[in-house]
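Me: Hey, I've just opened this one and I'm new to it. Can you walk me through a few spots?

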Amino acid sequence: MNMPSSMLTGQKVATIGPPLWLLAELTYRCPLQCPYCSNPLDFAQTERELSTEEWVKVLRQGREIGAAQLGFSGGEPLVRQDLQELIAEARHLGYYSNLITSGLGLTNAKVEAFASAGLDHIQVSFQASDPELNNALAGSRKAFEQKLAMARAVKEAGYPMVLNFVIHRHNIHQMNDIMALCESLEADFVELATCQYYGWAFKNREGLMPSRSQLEKAEREVNQYRARLLHDGSAMKLIFVTPDYYEERPKACMNGWGSLFLTVAPDGAALPCHSARLLPIDFPNVRDNDLKHIWYDSPGFNHYRGDGWMPEPCQSCDEKEKDFGGCRCQAFLLTGNADNADPVCSKSAHHDRILAARQAADHATAGIEELTYRNAGNSRMFFRS
């Protein structure tokens, strides 16, 4: 493992430790149409996915520089025919591995095979607590029943039951039903993650962002349900992630740029977060450079390390070591300049754009049929007049 190094970045020396988490986005292909998908809007133009051999090389280099946790993601990683082989290689290398899946394409046989290959963790996502809304958002008439079956299969195989729901204005009214569903499935951990606005979610922000009153009601319901679980001695843990659009200080995005997380996209682009390829930065590719060079020495990963890059008000802010100026992708999406302070921050000169988004959410009326779906053709079957 590489020892931490330092890089002079102007105002402050940045200590560069190893990446602890490696996210392997195996493919952008997916059978679902989710209008909040975090994949790039032009994902169809991303050609020539890394081969099995190339992914094995990436996994090995990741361990060599200290990565300990590995996520298999997408798109839908089950689309890859070599997933079991990659899981086995991850176990051989000593990773703690996590499969992040919609459940579509999963079978009882695959659950057992992945367990035998050494997979540590499976997270299954749902779109809603009822079949009609879930399937409309997913773009598959059988999605809900398949997810239920696979969630049960994961539990029966001895994995921790980890469920994920992306929460937005069209399902936030279902919070109690969602939690009851999770409890009936004997979930161990439930992530109720309100939309973070990147990729397709940013394109659909006006149709997805909940109002403040919806959000406050949902948070009360989660807290009440959590208290009841505690009283009953239930082991189910609820994690409620609020949208930072309703905060006055930005999140410490990815625990700081190039600090803990390293993402490798399907085409081999190496990124400090899964959304970073939208930025006007020349990121390296694993086909051209090894991960050690990429992590420690590439201009892309060093671009926002330390605080020398920060303009005001971030440069003189006494909270910059807590939030690192916020999210660079969000700053770029909302202001056109990734160097700017994250507009979520009340000190930002562009905070009015966040306030305007909140106000718009309080008056939004768009239905789910008016959203732009990732795989647009799939939605037609649900919204015919």
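Predicted model: local features only at pLDDT ≥ 70, side-chain atom pairs only at ≥ 80, totals over all residues.

Me: How many residues does helix 9 have?
Reply: Helix 9 has 21 residues, 212-232, and reaches 30 Å from its first C-alpha to its last, close to the 30 Å expected at 1.5 Å a residue. That expected span is 1.5 Å times one less than the number of residues. Helices (H or I, at least four residues) and strands (E, at least two) are DSSP runs, numbered from the N terminus.

Me: Which residues of helix 9 are buried?
Reply: Leu215, Ala218, Glu221, Val222, Tyr225 and Leu229. They sit on the same side of helix 9 because they cover an arc of only 125° around the axis, taken from the directions from the helix axis to the C-beta atoms. Buried means under 20% relative accessible area, exposed over 50%, partly exposed in between (1.4 Å probe, protein chains only).

Me: And what covers them?
Reply: The cover includes helix 6 (175-184), strand 8 (189-194) and strand 9 (237-241). The face turned away from the buried side carries the exposed Ser213, Gln224, Leu230 and His231.

Me: New topic: where does UniProt place "binding site"?
Reply: The unreviewed UniProt entry puts that feature at Cys30, Cys34 and Cys37. UniProt positions are given in the numbering used here, feature names are shortened, and annotations may be inferred rather than shown by experiment.

Me: Is Cys34 buried or exposed?
Reply: Cys34 is buried, with a relative accessible area of 10%, whereas Cys30 is partly exposed at 22%. Cys34 is in the loop between strand 3 and helix 1.

Me: What does Cys34 touch?
Reply: Leaving out residues up to four places away in sequence, Cys34 touches Gln127, Leu137, Trp200 and Arg374. Contact means heavy atoms within 4.5 Å. With that same exclusion, Cys30 touches Gly75, Glu76, Arg374 and Asn375.

Me: What's the peptide bond from Gly74 to Gly75?
Reply: That bond is cis, with omega near 25°. Another cis peptide bond joins Glu312 and Pro313, with omega about 5°. Most residues other than glycine have a negative phi, and most peptide bonds are trans.

Me: So what is the phi of Met254?
Reply: Near 55°, a positive value in a residue other than glycine. Asn255 has a positive phi near 60°.

Definitions and conventions
Residues numbered from 1 in each chain as written. Heavy atoms only, no water.
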